[in-house]
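Here are a few friendly notes to read alongside the model. Keep the viewer open and follow the points in order.

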Amino acid sequence: MNNDIDFEGYTCPIPIKPKDTVVLGHGSGGKLSHDLINRLFLPEFGKAAPRALDDSAIVNINGQRLALTTDSHVVSPLFFPGGDIGRLAICGTVNDLAMVGAKPIALTCGFVIEEGLSFEILQRVVQSMRDSAAEAGVYIAAGDTKVVQKGSADKLFINTAGIGFVESDVNISGANAQVDDVVIISGTLGDHGIAVMSAREGLNFETDLQSDVAPLNHLIAAMMNAGEIHVLRDPTRGGLATTLNEIAIQSNLTIELQETALPVKPQVHAACEMLGFDPLYVANEGKLVAFVKPENAENILLAMRQTKYGEGAAIIGKVIKTNSPQVRLRTAIGGTRLIDMLPGEMLPRIC
Amino acid sequence: MKYVDEYRDPAQVKALLEEIGKAVTRPWTLMEICGGQTHAFLHHGLDDMLPGGIELVHGPGCPVCVTPLEQIDRALVIAARPDVIFTSYGDMLRVPGSTVDLFTVRAKGGDVRVVYSPLDALKIAKANPDKQVVFFAIGFETTAPPNAMAVLQAQKQNITNFSVLVSHVCVPPAMEAILNSKHNRVQAYLAAGHVCAVMGYHEYPPIAEKYKVPIVVTGFEPVDLLRGVLAAVKQLEAGKAEVENAYERIVTLEGNIPAQKVVNTVFQSVDRKWRGIGMIPLSGLGLRPEFASFDAETRFSVGKIVTQESPLCIAGEILQGLKKPPQCSVFGKECTPSSPIGAPMVSAEGACSAYYRYHREEVGT
């Protein structure tokens with residue numbers, strides 16, 4: 001904050017100007033993140049790839065379609081119930097590739113390490129990456145290591161980038177939703193966010209909840225075999241609400257959800273009630289949302305339920321035609337409300 | 001989930017709506033006091049399901065919304081100091097002061113931390129004896145007991161690097177202020193159930209009697225809310241103005257007496273400015289003289305900071321139920337949850353924020 005502001009007698013006759021500083025909310029995956037991308041990054045970088053706002057870009061090299069993506073991972077604590085930063089780093093990039101219908105092939109990884117980190121912790125993270133990569137069927141092709149002074153980073157940050165093959169007839173994008181499409185979720189909402197929160201200092205609640213962090217490429221392969229898919233997205237930061245709003249905007253359609261159909265574990269429901277969160281906004285790391293034609297929905301749902309990470313798959317809504325893109329929810333008691341993107345950082349309410 | 005699902009039961013909701021429909025013979029205007037109730041009405045889509053004659057206006061019971069601008073500016077000045085760890089309930093971080101918010105202070109290096117309880121702030125103070133730890137003690141009678149408890153504990157444990165920036169407000173004086181307004185439209189109150197859980201409802205009969213308004217203690221789940229509406233409507237239709245408890249599973253007449261004792265030990269009634277409404281005599285709680293050493297306002301000499309609101313924001317009219325958020329010229333345009341001009345757009349409990357999230361289509365943005 002500026003120290004030169006004279007607060008005594010200072011008045012504010014006009015609205016607060018747009019923020020001149022990056023705040024944590026810009027990394028929340030919600031509206032502030034979108035503003036940052038649309039107002040700062042895209043004008044400078046241009047719309048280099050035609051689908052820059054999907055989870056992966058698709059580039060054509062000599063007739064071969066390659067999906068390309070990158071993701072940086074920062075999480076506190078490094079180890080949380082059901083996962084760790086290493087598994088997160090592998091699954092995040094594998095899933096981003098798989099969400100455009102690509103078969104993930106190879107990943108790179110870059111480590112930013114704060115001096116003082118023990119080898120034991122680093123080794124556990126690396127072993128977890130090895131196991132997750134093996135599970136996903138990808139290999140780690142290249143890497144980089146930087147060590148920074150104590151205090152210049154928080155223990156360990158990991159960046160991964162990845163490439164995958166996209167078959168010539170595959171066309172999956174957030175812009176492809178169609179009227180009457182059925183919306184399918186692969187399992188329960190909010191497990192990751194609440195599991196990580198429960199492991200954080202200062203939050204005194206205990207739960208047996210595990211993060212859902214998982215590679216979803218095998219699930220997606222099974223789905224693609226079962227029927228045509230229009231849209232795939234993993235509702236990570238910002239939760240399902242933010243992801244569906246992105247799809248509604250990209251496809252210029254309205255999405256209507258049924259509250260009673262949303263799968264939420266009792267532990268997540270209880271934690272959200274206590275903290276004033278909505279499971280629709282809590283992060284997932286091993287879930288996907290799919291938009292499919294109604295006639296294919298049953299087949300795809302069955303195929304999903306036969307896989308490890310799709311057992312809890314459920315139909316949660318549909319696409320309807322309206323004048324403006326939006327996401328609506330039919331509440332359990334029969335009312336309707338709008339579902340907006342996460343505005344900034346998710347904040348626990350006061351009472 | 002037990003204690004939640006049974007109060008969101010669609011069959012009970014339907015039955016109550018039908019009963020309300022039968023009871024109503026002409027239009028009535030009810031005010032739900034608490035922002036949590038406003039949020040619940042809109043969250044469940046319940047407001048649109050009520051019979052047409054019943055209008056809900058949204059009360060001043062959002063602690064984040066009514067915390068005065070100058071108190072936020074004081075918080076910003078304190079939080080920016082290098083020797084301070086500033087602790088707060090989460091949703092205060094996004095409330096704009098005159099120039100910035102606590103998020104921005106944090107981004108520029110201020111040590112601003114979200115805590116879930118003021119006792120956590122006390123722990124931070126114990127763990128950081130070389131720092132001044134300040135807790136932003138805001139809210140209604142609901143948050144006053146834990147905040148008072150933190151001060152008592154600090155005194156008992158002789159934690160001298162802990163202080164509180166107090167901006168507590170009390171519901172009954174605001175209810176009277178609204179009824180005294182010449183523009184008042186409120187014909188019955190749905191009183192704030194959680195405030196009553198602490199304070200009881202023995203303060204309300206004189207208000208009901210003096211202003212001839214029914215006051216119904218009301219909860220926060222759909223069935224609770226509709227029971228409150230039904231009781232209020234039945235009273236209005238019968239020409240009664242009584243105090244009634246429709247949240248019996250939580251609230252008793254006398255309230256939580258140990259909690260009240262803690263509050264009365266640490267705090268006393270003071271005049272308090274409400275953001276958007278103005279000064280209401282004896283409507284707030286301030287530290288008693290014997291706890292003055294824990295007052296962050298004096299410790300950091302910020303008491304003189306005085307500010308004025310943006311003239312664009314009609315928070316005052318919103319919080320008094322005179323206007324609804326979509327009637328504001330900047331609602332959904334210059335003023336959104338990610339860039340709020342006024343406090344009711346900030347908190348999940350704020351009326352403007354609730355409208356923006358759930359009812360934006362009405363204003364065609």
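1. First, some terms. Axes are lines fitted to C-alpha atoms, for helices over the stretch in contact, and angles run from 0 to 180 degrees between N-to-C directions. Helices (H or I, at least four residues) are DSSP runs, numbered from the N terminus. This is a predicted model, where local features need pLDDT of at least 70, side-chain atom pairs count only at pLDDT 80 or more, and totals for chains, interfaces and linings use all residues. Residues are numbered from 1 along each chain as its sequence is written, while chains are lettered from A and ligands numbered from 1 in the order in which they are written.

2. Look at helix 7 (residues 144-156) and helix 12 (residues 257-266) of chain B: their axes come within 8 Å and cross at roughly 55 degrees.

3. Which residues of helix 7 of chain B meet helix 12 of chain B? Among them are A144(B), P145(B) and M149(B), and their partners include V262(B) and T265(B) (contact: C-beta atoms, placed from the backbone, within 7 Å).

4. Now find helix 1 (residues 10-23) and helix 11 (residues 222-238) of chain B, which pack at an angle of about 15 degrees with axes 10 Å apart. That makes helix 1 of chain B roughly parallel to helix 11 of chain B.

5. In this second pair, L16(B) and I20(B) are among the helix 1 residues of chain B that meet helix 11 of chain B, whose contact residues include L226(B) and V233(B).

Key:
Helix = DSSP H or I, 4+ residues; strand = E, 2+ residues; numbered from the N terminus. Contact = placed C-beta atoms within 7 Å. Parallel < 35°, antiparallel > 145°, perpendicular 65-115°, else oblique.
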